[in-house]
Structures are given as structure tokens and as C-alpha cells.
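Here are my notes on the model. Please read them with the structure open.

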Amino acid sequence: MEDIVERFLAGNRRALARVISRIENETPEGREYLRQLYPHSGRAHTIGVTGSAGAGKSTLTGALAAEYRRHGKTVGIVAVDPSSPFTQGAILGDRIRMQDLALDEGVFVRSMAGRGALGGLAPSINDVVAAVDAFGFDYIIIETVGAGQDEVEIAGTAMTTVLVNNPGTGDDIQAMKAGILEIADVLVVNKADHPGADTLASQLQGLLNLSPKDMRRPPIVKTVSTRGEGMQELAAAIAEHREYLDEHGLLQQQREKNARHQVLSAARAILLQRIQAATPDEQLDGLVQRVASRDLDPHTAAEELANVVSG
Amino acid sequence: MTAPAQTKPRVLIAKPGLDGHDRGAKVVARALRDGGCEVIYTGIRQTPEMIAEAALQEDVDVVGLSILSGAHLELFPRVVEELKKRDLDDVLLFCGGIIPDEDTAELEKLGFKAIFRPGTDTRDIVKFVYDNASKS
Ligand SMILES: Nc1nc2c(ncn2[C@@H]2O[C@H](COP(=O)(O)OP(=O)(O)OP(=O)(O)O)[C@@H](O)[C@H]2O)c(=O)[nH]1
Ligand SMILES: [Mg+2]
């Protein structure tokens, strides 16, 4: 066990890959690795890339990573695709769009299945990102499919959230009105080679102009990810957001907020485990039966379960 | 609701070489997904180095190679060599596509545990993966 952590810290990529699997599978070794590696994390600039299916998130992620590589920076990429709710299986295809980086020693790409986590991100995403961070990459890009709630989740995990939009898909603007703009730190109009890019950009600008004066207005960047166009501007917008966070002391605030969320949700999971471990199946079945037949309400039943650990 | 440790196989499906048809590879990827596997699909025109590097980064238990071009005896040994270079000798290897019977022995010697030819029931592929993948 020491050995793999040592190899990890010495920069061995196989060790990184293995550590991620153990953490992702929530094994006891995984917990131990994370415990040892966590103090090494927190140095990378983490960037969330979200947006609807097919918006060009993977292509953009690859092109942005290539831009960072041109400046000699290293990049870890974690790309999340959804799991099938029926079979728990998944096809993880984001690498297809990142082929130019396939043999670059300064880049590490890891695909992750959502595994049914609420909010669409994978359950262990924060832990996996911490491990990739501990490996020492300058940037970590986290790609996730946006479907409403997920954008909010990614905003908790990443320092800078990039929301990818496409021209000619009117529903984007609708979705924005539902508050999604508030979590976007940089807005991208990708596929700017398609008609309607300028229209979308000015619609977005119009929307931003409605937001309160004291709120930071995210910049809008037009990109053609397939040709790498707009990547310099995107990297600059991301850097500018990082400076904004630093200047206003917001990074620490964001970290504390995310830490609180993680600690509480881990605590919730531990309590649930303890309750389940201390509850014989028959007792749970009995309570379930009573709730199902309306003999008991769910909250009273839950109190009864929870008493095992609080008492 | 304690998230049970996922022990389902993680599989890389890759297409080495220059032929541009990946229908077969996609059918296999989907069948494995439907069987509960997490399948990493990397697309067409992969070099042996790219395949091995993806297997390393993704920490897969299984690598399945699909080929139609007839270049398997040229490309597969190079994939195996690149995997070895990265200490990935323990992954389960299988292949599929247009592969003449007379090449079976040579591929088995290379370490391929199964060869699936056109017409294979995809359920057999899923079963093969579950029966043989050791979650390390
Ligand atoms: N014309 C044009 N096509 C693009 C651009 N960016 C991406 N695409 C294409 O859009 C399609 C989807 O791109 P992806 O990068 O896979 O999109 P994604 O958002 O990662 O997709 P999911 O992960 O499946 O949600 C591909 O065919 C890309 O080649 C662009 O700037 N212009
Ligand atoms: Mg993608």
C-alpha cells in the first residue's frame, strides 16, 4: 500500500490510474490512499466544463488542454458520462475527441461513469479530482453533461465553471433564465462556425445585462473547438476569473463551502451505513411493511431506525 | 443505499489500424454496456501506443480489439508489446472482426483469450468478459 502511494508521488502514471480506481470504487484501500494524498492536493486550477449533450465539451476540453500544453502546463482531465439507469453500464466516449493528446506525457485523461449519482456527477468525483490534483497537474478539467442540476454540482467541485452553448438551439436561453447563469464563470458560444453565433452571443449579453450591477458578469467567448479557435481567449477568460477569485478572497470561501458540503455528505453516508449495519433485515422489512400499509408514516419509521445510532 | 463497491468489469474497446468502419466495435461496446460494464470507447484509427496508453490511464481490466483490415498479425503483436512495456500484462485480451481460422493459434500465443468472428452472439462476448475478467 505504501508502495503505490510512493510511486504515485514519484509521478508514476500507472499508480495514479490505479489509485483513481480504488477511490472510485470506494474500497478501504482507496480511502487510505486518499487520506495520504489529500494534503498534496489543492494546488491545481480546477475547471468545470458543462453544457448540454453534444455541445462540444470534449472537443473544447481537448483544445483547451492543447492550449495549456503550448505554454508548457500539465493537464489532468476527468470526463464524466452517464451510467445507464437500467444496467449500471456505461459507454465512455469522451476520449474520442481528445486524440491529439493521447500520447502527450503532460496530459492524463480519465473517463468516469456517473454511477447514478444525484446531480449527474459521479459520486466520488471530488475524491477523484483530489487525487488527480495531488499528482501535481497545473490544470484539471472536469467534463460533465449538464442537465439542470449538474451544473450546480460542478460549480461546487471546480474553481471556474465554463458553460458551453451552441448557436441555433433556442432552449439554451430558456435554461439560462432558470438561474444557470449564476453558476457560469465563463460563457462559451461553441460551434461559432455555425450560423447564429453572434445572435446567441448578443442574447446572452442581453441576459447578463439584466443581472444585478454588483454581480460579476461572466465574459462570453466564441470558439470553434474543432479548429482550436478561441482557445487563447478562453484560457485568458479562465485566468481572469481565477484572478477575480483571488482578489476578492473568494477562493477560500468557495473551498470552505465545498469542504462543508463534502464533510456533511460523507457523514450522512457513514450514518446510513451504521444504521443499516445495526438494523436486522427483519426489522427494516417490518417497518417498510407498516409504512406501505399506512400503519406508520415514513418519518416515524426513520426515527425508529436512527435511534440505534443516537442511543 | 451504501454505494456498493463497483466490481463490474471496466473494458477498453479499441480499433487499431486504418480501416474506418467501427460498426462492429460499437455493437460490442453497447452489448457490454447493456451487460453492466463500463466501456471506454476510443474511436477509429488507433495506434498500438494510443491503445496501450488509454488502457493504462483508464486502468481497464479488459482490452478488446476490433479489426477488419486484415492487418491483425501485424498490429496485434505491437499492441501486446506496448501493453507489456507499461506493465499491463495482466489485462484480459480478446479480439473480434475478420480473422481467418488459421491465425487462431498465433493470436492465442500472443495472449488473446477469445476471438469473436462475425455472427457471434454478443451475449457470448458479455459472458466471456464476466467469466474471465479478474477484478484486481
Ligand atoms: N462545427 C463544429 N462542430 C463542433 C465544434 N465543437 C465540437 N463539434 C462537433 O460536435 C460533436 C460533439 O462534440 P463533443 O465534443 O463530443 O460534444 P460533447 O458535448 O462532449 O458531447 P457529450 O459528451 O456526448 O455530451 C462532434 O461531432 C464534434 O466534432 C465546433 O466548434 N464546430
Ligand atoms: Mg463529451
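**Notes on the predicted model**

1. A:Ser58 and A:Asp94 link distant parts of the chain, 36 residues apart. A:Ser58 sits in helix H4 (residues 57–70) of chain A, and A:Asp94 in the loop between strand S3 (90–92) and strand S4 (107–113) of that chain. Helices (H or I, at least four residues) and strands (E, at least two) are DSSP runs, numbered from the N terminus.

2. A:Ser58 is buried, at 7% relative accessibility. A:Asp94 is buried too, with a relative accessible area of 8%. Buried means under 20% relative accessible area, exposed over 50%, partly exposed in between (1.4 Å probe, protein chains only).

3. Conventions. Residues are numbered from 1 along each chain as its sequence is written, while chains are lettered from A and ligands numbered from 1 in the order in which they are written. Local features need pLDDT of at least 70, side-chain atom pairs count only at pLDDT 80 or more, and totals for chains, interfaces and linings use all residues; side-chain values use heavy atoms, with hydrogens and water left out.

4. Ligand 1. Which residues come nearest to ligand 1? Of the 19 residues around it, they are A:Lys57, A:Ser58, A:Thr59, A:Asp193 and A:Ser225. A residue is near a molecule or strand if one of its heavy atoms lies within 4 Å of it. A polar side-chain atom of A:Asp94 lies 3.1 Å from an oxygen atom of ligand 1. For A:Glu143, a polar side-chain atom is likewise 3.1 Å from an oxygen atom of ligand 1. An N or O atom in the side chain of A:Asn190 lies 3.1 Å from a nitrogen atom of the ligand.

5. Strand S1 of chain A. Why is S1(A) described as largely enclosed by the rest of the structure? Because 7 of the 7 residues of this strand (residues 45–51) are buried. Both faces are covered. A:His45, A:Ile47, A:Val49 and A:Gly51 are buried on one side, and A:Thr46, A:Gly48 and A:Thr50 on the other.

6. Partners of S1(A). S1(A) pairs in the parallel sense with strand S5 (residues 139–145) of chain A, over 7 bridges. Two strands pair if DSSP finds at least two bridges between them. Strand S6 (residues 160–165) of chain A also runs parallel to S1(A), joined by 5 bridges. A:Ile47 has A:Ile141 as its bridge partner in S5(A) and stands opposite A:Thr160 in S6(A).

7. A sheet across two chains. Six strands form an open sheet with parallel pairing, in the order S3(A)-S2(B)-S1(B)-S3(B)-S4(B)-S5(B). S3 of chain A and strand S5 (112–116) of chain B stand at the edges, each with a single partner strand, so one side of each is left without a neighbour in the sheet. Within the sheet, S3 (residues 62–67) and S4 (residues 92–97) of chain B pair over 6 bridges. B:Val63 stands opposite B:Leu93 in S4(B).

8. B:Cys95. This residue lies in strand S4 of chain B. Contact means heavy atoms within 4.5 Å. Leaving aside neighbours within four places in sequence, B:Cys95 has contacts including B:Leu65, B:Phe76 and B:Phe112. B:Phe76 is 19 residues away in sequence and 9.2 Å away in space, C-alpha to C-alpha.

9. Positive phi. Two residues deserve a look. A:Glu26, other than glycine, has a positive phi near 55°, in the loop between helix H2 (13–24) and helix H3 (28–37) of chain A. A:Lys191 has a positive phi near 60° and lies in the loop between strand S7 (186–189) and helix H8 (197–209) of chain A. A:Glu26 is partly exposed at 28% relative accessibility, and A:Lys191 is partly exposed at 26%.

Terms used. Polar contact = N/O pair within 3.5 Å; in protein donor to acceptor, adjacent residues only side chain to side chain.
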